[in-house]
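Please keep the sequence and the model in view while reading.

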Amino acid sequence: PVVLGIESSCDETGAGIVRDGRLLAHVVASSMDEHARFGGVVPEIAARAHLHAFGPVVRQALEQAGLRAAQLDAVAVTTGPGLSGALQVGLAGAKALAYGLGLPLYGVHHLAGHVAADTLEHGPLPEPCVVLIVSGGHTSLLLVRDLVREPILHLGDTLDDAAGECFDKVARVFGLPYPGGPAIDRAARGGDPKAVPFPRPLTGGPRGRDPYAYSFSFSGLKTAAARWAEGHRQRGERLPVADGAASLQEAVADVLTRKAVAACREHGVRTLVVVGGVAANSRVRALAERRCASAGIELRVPPMTLCTDNGAMIAAIGDLLVRADAPPAPLSLTIDPSAPLEYAALQPVA
Ligand code: ATP
Ligand code: FE
Ligand code: MG
């Protein structure tokens, strides 16, 4: 089938087209620049930007695929989790297209979309697999047994901040530009990752029976980094930003990859998939590669453009749902800003 995917859960308006697992179009418009001066995404600005971008982004995707709208077979759209105003715009647009073109509509979970993104680069997911989703809004370890037919198991989540949020907030304290993740990555290049002994939160539990084995916590790390910076300021010393960035990045990468590999080991899983904006981090990638290699685990990380929010990943999960004969959603489909992750499709697959 030829599936159009629409994503609008945060600040990216994405439209992608996938045909039988193959990527035909991938167009993203971001309102990131409009949020920069506020230091974070402003929901109303994001919703308005989606309204402006929706039409052009969908048209561009069709152009890129060399298709007419009449050649589409289904429309998939993110219904949650995300910002409600932003989600509303994408869903309204997707409904209009589905209704106007007489196509089945699928409401999908944003995180299932992130997981499916990898299939566009590396082919069908080896199941079961462990997925580490790390972005500005999520830090989750998932056990995926069958992406479209079985509930996805949450092994753990962050108890407070997401890893990307930690990078973004600390970058601000270090005087680096927004978004902070890429800035920390660049600043860390010249730094010593052992310079500052930042904590490794939730890694000290009892072996084999730690209730927080797959949970994360980054707010303490954020505070430790802020204190470290503040200490320099109070003593009137120049802030060694490169060392701070490298040490922070090392702490985050260490915790993320250690837990992800431990989850693979415990569940006897041979494949780890890392997705989300923080998968772009050079240290996260390098450490994941090294640790997976020494544990005999295959590591799959999609290219960066498929890691951050986009419509192609929504088309990818939609295509999988259509091929699995999942029932489409009624036009009364609604958004669910805090959708729990159980099934890829928010109308549970029968
Ligand atoms: P969501 O959480 O819903 O996926 P988001 O927009 O926050 O939405 P992404 O677009 O996937 O998530 O990723 C953005 C996040 O990734 C930001 O927090 C950004 O700082 C972080 N990021 C991007 N590149 C890097 C990098 N090289 N190193 C560390 N973090 C990075
Ligand atoms: Fe996302
Ligand atoms: Mg984003």
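## The nonpolar core

The largest nonpolar core has 123 residues, and among these Val-75, Val-130 and Ile-317 touch the most other members. Such a core is a set of buried Ala, Val, Leu, Ile, Met, Phe, Trp, Tyr and Cys residues joined through C-beta atoms within 7 Å. Helix 8, residues 241-266, contributes the most to this core, with 13 residues; helices (H or I, at least four residues) and strands (E, at least two) are DSSP runs numbered from the N terminus.

The model is predicted, and local features need pLDDT of at least 70, side-chain atom pairs count only at pLDDT 80 or more, and totals for chains, interfaces and linings use all residues. Residues are numbered from 1 along each chain as its sequence is written, while chains are lettered from A and ligands numbered from 1 in the order in which they are written.

## Val-130 and Leu-272

Leaving aside residues up to four places away in sequence, Val-130 touches Leu-141, Leu-142, Leu-143, Ala-260, Ala-263, Cys-264, His-267, Val-269 and Leu-272, where contact requires C-beta atoms, placed from the backbone, to lie within 7 Å.

Leu-272 belongs to strand 9, residues 271-275, and is buried, with 24 other C-beta atoms within 10 Å. A residue is buried if 20 or more other C-beta atoms lie within 10 Å of its own, exposed if 12 or fewer, and partly exposed in between, with C-beta atoms placed from the backbone.

## The shell around ligand 1

Ligand 1 is surrounded by 22 residues, of which Gly-136, Gly-137, Gly-164, Gly-181 and Gly-277 are the closest; a residue is near a molecule if its C-beta atom, placed from the backbone, lies within 6 Å of it. Helix 6 provides the largest share of this shell, five residues, and helix 5 (163-173) and helix 6 (180-188) each supply at least two.

## Helix 5 against helix 7

Helix 5 and helix 7, residues 219-234, pack at an angle of about 10°, with their axes 10 Å apart. Axes are lines fitted to C-alpha atoms, for helices over the stretch in contact, and angles run from 0 to 180 degrees between N-to-C directions. The two helices are therefore roughly parallel, a term for angles under 35 degrees. Their contact involves Cys-166, Lys-169, Val-170 and Val-173 of helix 5 together with Leu-221, Lys-222, Ala-225, Ala-226 and Ala-229 of helix 7.

How values were computed
Contact = placed C-beta atoms within 7 Å. Parallel < 35°, antiparallel > 145°, perpendicular 65-115°, else oblique.
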